[in-house]
There are 2 protein chains.
Amino acid sequence: MANIFYMKSIFQSIQNFSNEELDLLDDLITFRMLKKGELLLTESQVCNEIVFIKKGILRSFFLNHKGGEITNCFAFENEFMASFASFITQEKAEESVQALVDTELEILDRKALEKLYQSGFNWQETGRKLTELEFVNLHKRMVSFQKLSGAERYQELYKNHQNYLQLIPLQYLASYLGVSPRHLSRIRKAVL
Amino acid sequence: MANIFYMKSIFQSIQNFSNEELDLLDDLITFRMLKKGELLLTESQVCNEIVFIKKGILRSFFLNHKGGEITNCFAFENEFMASFASFITQEKAEESVQALVDTELEILDRKALEKLYQSGFNWQETGRKLTELEFVNLHKRMVSFQKLSGAERYQELYKNHQNYLQLIPLQYLASYLGVSPRHLSRIRKAVL
DNA sequence: TGCTTTTTGGGACATTTGTCCAGTAAAATA
DNA sequence: TATTTTACTGGACAAATGTCCCAAAAAGCA
């Protein structure tokens, strides 16, 4: 059986592509598997790939001035992940990207994406739309930091991703939420 | 003398436009002046315009659950501003946008932008690039919330926008930085 | 200019959150 | 499975930050 490209269905859902346009992907997508704990991208490399998670969970994290890891974001099945800032600016990434469980990826690298963009209007527009969606997601996260307490952010997360929370070590969740592990432990106890 | 479109020079700097392509703007840009304190966009309207600040300062703010104003962002001369999330999703904005001083704007509304996008590849690509830049800015702000203390965020801001700080009431700065006015007052005293 | 309103600075105290730590539980590894 | 390592919980205390408040300063307005 031919490979199924999961990424394709996302593109299809946001743009009215012809089959020919979509089939460009077949030669451009590559695959990769990551073992739990393995790094996809290391801090201070330039990020040259956007990955799509077929199965698994990724997190990106950077270091604070004390050398502690701060989790910047998580990405789950059917989501894209990259160090987008680095991918866009082509400067060194501040984040590393790591698999939290065994993970299967479809990968589109910079060259592949350039080819798509140059192939015409529809791919150009798709790139813009996806960037817009990433922006909106990031904006929501930013607002949650300004508007909500750590406890409230945890409750939001619990509401929306309850099933994933058990898979993520508390320390990662804590820095993602902007609180200390000690405090997240308190929050969890209070929520029960 | 013909009008000078400040916005144009931004577009010119990020894309290799022909004169014809750029001249499309002449019929699409509109103007507006805001008095100090005046609102450009009110919370719960859909944001249908992207504005470019020729002169002045804007801030966007939303309300917390106690009804207090939280400043979401500032925009200064030569920068774009909108409730981008609302502009993108076409859902009601959570933020209002207000002039902090008398302000002159160039405006591009949704229809105008659609026309540009439909006019071809170059405008499509420009839209993507600008969205990418907005994303990178927002990402930096997000990282500053995860990595830095309120005091450190203040110092960053002071380094980069010292000249503007005097023009912005402390209460607006405080919520922008994610601290109480009382605490920002403490921070300022410690920094001197 | 003089009056009124808004903004700022800072004291006193309360609350939240962080740090440090140790005992226990859970997970990884041999 | 036994052993080692890592992660979680929660106590005690410390530090950071918020709330409430009022007097001084600044800004807006008649």
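How many salt bridges are there between chain B and chain A?

## Charged and polar links

In this predicted model, the count between chain B and chain A is two salt bridges. One of the residue pairs linked in this way is B:Glu94 with A:Lys147, whose closest N and O atoms lie 3.9 Å apart, a value that falls within the 4 Å limit used for a salt bridge. Between chain B and chain A there are also eight residue pairs in polar contact, counting pairs with both residues at pLDDT 80 or more.

## Where chain B touches chain A

On the side of chain B that touches chain A, the elements giving two or more residues include strand 4 (58-63), strand 5 (69-75) and helix 7 (170-177) of chain B. The largest share, 18 residues, comes from helix 5 of chain B, which spans residues 121-147. Sorted by class, this side of chain B has 15 nonpolar, 13 polar and nine charged residues.

The contact takes 37 residues from chain B and 37 residues from chain A. Together the two chains bury about 3,600 Å² between them, with 68% of that area on carbon and sulfur atoms. In chain B, the residues that lose the most area to chain A are B:Phe135, B:Met142 and B:Gln146, which together make up 20% of what that side buries.

## How the two copies are related

The same surface serves both copies, since 100% of the contact residues of chain B recur in chain A.

Conventions: Residues are numbered from 1 along each chain as its sequence is written. Chains are lettered from A and ligands numbered from 1 in the order in which they are written. This is a predicted model: local features need pLDDT of at least 70, side-chain atom pairs count only at pLDDT 80 or more; totals for chains, interfaces and linings use all residues. Side-chain values use heavy atoms; hydrogens and water are left out. Contact means heavy atoms within 4.5 Å. Buried area is the accessible area (1.4 Å probe) that two parts lose on being put together, summed over both. A salt bridge is a side-chain nitrogen of Lys or Arg within 4 Å of a carboxyl oxygen of Asp or Glu. A polar contact is a pair of N or O atoms within 3.5 Å; within protein, one must be able to donate a hydrogen and the other to accept it, and residues adjacent in sequence count only if both atoms are side-chain atoms. Helices (H or I, at least four residues) and strands (E, at least two) are DSSP runs, numbered from the N terminus. Ala, Val, Leu, Ile, Met, Phe, Trp, Tyr, Cys and Pro count as nonpolar, Asp, Glu, Lys and Arg as charged, and the others, Gly among them, as polar.
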